[in-house]
Amino acid sequence: MQSSALRTSQIFGALFSLLLLNAGAVPQLIQPGELWPDDRGQHIQAHGGGILKVGDTYYWFGEERSRGLNPTYRYVSCYSSTNLAQWTFRKHALKVYDPEHFHAGWILERPKVFYNAKTKKFVMYMHVDDEGYKLARVGVAVSDTVDGDYQWVKSFRPLGHESRDIGQFVDDDGTAYLIFEDRPFGFRIVKLSDDYLDVEKEMCLIPMHMEGGAVVHYQGLYYAIGSALTGWNANPNKYATAKSLEGPWSEFKDIAPPEKNTFGAQSTMMVKVVGTKATTVIFMGDIWKPATQWDSRYLWMPLEIGDGKLALPEPKPWTLDVVTGEAVIQK
Ligand code: DGJ
């Protein structure tokens, strides 16, 4: 016969397990500007990044800028999550040694991954450059699986234009677009070819000198955001709207009070989470620390968006329920 002490401990054990199970369902805090530990307890290294959703899983790709990496390689990290708050390090999805003899100090920035349903390939685009940012090309790498190993394909200038910061946009109908900064002219949005290995058609040139380009399609309107060209320093990011990607685009307006300089961040993507009760559009930005790049932080906040207006609220810890789509910002 069991002693009552044993029974009591079993009951407490069961209750504790239940609590743990529930904790898994409780939305986890996203804390803008803080260290963001992955499943290993290490600060996430996915700078200038982008998100791709495959099934119920989100994959976050970005620049790996840890200390102690082999400096002859460039790395793109891949993390996965089912709630956009807790991230598991998958691997370095791309690890590449100067693939086209760019230069010893060559640069790989802002990787973004598309899934091509026709070829069943994952296609990674990235900005590749020499140390002086004069090459201004996009690089392309492909993989059969989402988290790599991505194999280098080529680099090129999209439709012959200079291309530095790139952004990714997949419309609600599945069409894939690349956004890039073409320094002499502005900000271009281009449609990818059928296999995504090339650029097929220019949708528009927005004659604004903007980096960190991102687009979202929300309630029948396209919203484009970008930052000014101030290197690693924050500036007031701006947005414009259009009924069609071809434009005409509205005037650009500040996404936050201009004196706040986007709360120290620079845009990299907008992520639309469509839930059963709400749709949340997340501003994904980087808080760069140029002297200690490995410590650069992230500013993710749900945007106030609709009726042609877009605003980045003051950063505060918040939670997101990816099933309902509801975001709750802490008071
Ligand atoms: C701003 C860009 O957005 C970054 O990706 C990076 O290229 C820095 N400039 C370099 O100064």
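**View A: Y115 has its place in strand β6.** Welcome to this predicted model, in which local features need pLDDT of at least 70 and side-chain atom pairs count only at pLDDT 80 or more, while totals for chains, interfaces and linings use all residues. Residues are numbered from 1 along each chain as its sequence is written, and side-chain values use heavy atoms, with hydrogens and water left out. Strands (DSSP runs of E, at least two residues) and helices (runs of H or I, at least four) are numbered from the N terminus. Y115 is partly exposed, with a relative accessible area of 34%; on this scale buried means under 20%, exposed means over 50%, and partly exposed lies in between (1.4 Å probe, protein chains only). Leaving out residues up to four places away in sequence, Y115 touches L52, K120, K121, F122 and Y196, where contact means heavy atoms within 4.5 Å. Y115 and L320 are 205 residues apart along the chain, and 25 Å separates their C-alpha atoms.

**View B: The largest pocket holds about 770 Å³ of space.** Rolling a probe the size of a water molecule over the atoms shows where empty space is left. On a 1 Å grid over the protein atoms alone, a pocket is an open set of points where a 1.4 Å probe fits, with protein on both sides within 12 Å along at least five of seven lines; a lining residue has an atom within 4 Å of a point. Points are joined across faces, edges and corners, and the volume is the space filled by probe spheres set on them. The largest pocket is lined by 28 residues, and I51, L52, K53, V271 and K272 are the closest to its centre. Two or more lining residues come from each of β2 (47–54), β6 (107–116), β10 (166–170), β14 and β18. The largest share of that lining, 6 residues, belongs to β18.

**View C: V271 is found in strand β18.** Is V271 buried or exposed? With 9% relative accessibility, V271 counts as buried. Its contacts, not counting residues up to four places away in sequence, are I51, T280, V281, I282 and M284. A85 is 186 residues from V271 along the chain, and their C-alpha atoms are separated by 13 Å.

**View D: The largest nonpolar core has 42 residues.** A nonpolar core is a set of buried Ala, Val, Leu, Ile, Met, Phe, Trp, Tyr and Cys residues joined through side-chain atoms within 4.5 Å. I51, W60, L84, W87, W300, L310 and L312 have the most contacts inside this core. Elements giving two or more residues to the core include β3 (57–63), β14 (211–218), β15 (221–227), β18 (266–274) and β19 (279–287). The largest share, 5 residues, comes from β19. Beyond its neighbours within four places in sequence, L84 is in contact with I30, W36, I51, Y58, V273, I282, W300, L320 and V322. Another core, of 19 residues, lies apart from the largest one and has L52, V76, A141 and Y150 among its members.

**View E: β19 pairs in the antiparallel sense with β18 and with β20.** Strands pair if DSSP finds at least two bridges between them. The pairing of β18 and β19 runs over 8 bridges, and a hairpin of 4 residues joins them. Here M269 stands opposite M284. Toward β20 there are 6 bridges, with G285 facing L299 and F283 facing M301. Because 8 of the 9 residues of β19 are buried, this strand is largely enclosed by the rest of the structure.

**View F: β20 is mostly covered, with 6 of its 6 residues buried.** In a regular strand the side chains alternate between the two faces of the sheet. In β20, R297, L299 and M301 point one way, whereas Y298, W300 and P302 point the other way.

**View G: G231 has its place in the loop between β15 and β16 (238–242).** At 49% relative accessibility, G231 counts as partly exposed. From G231 to F263 is 32 residues in sequence and 16 Å in space, C-alpha to C-alpha.

**View H: Over residues 8–24, pLDDT stays under 50.** pLDDT is the predictor's confidence in each residue, from 0 to 100. For this stretch the model has 2 contacts beyond four places in sequence. The protein averages a pLDDT of 93, and 92% of the residues score at least 70.
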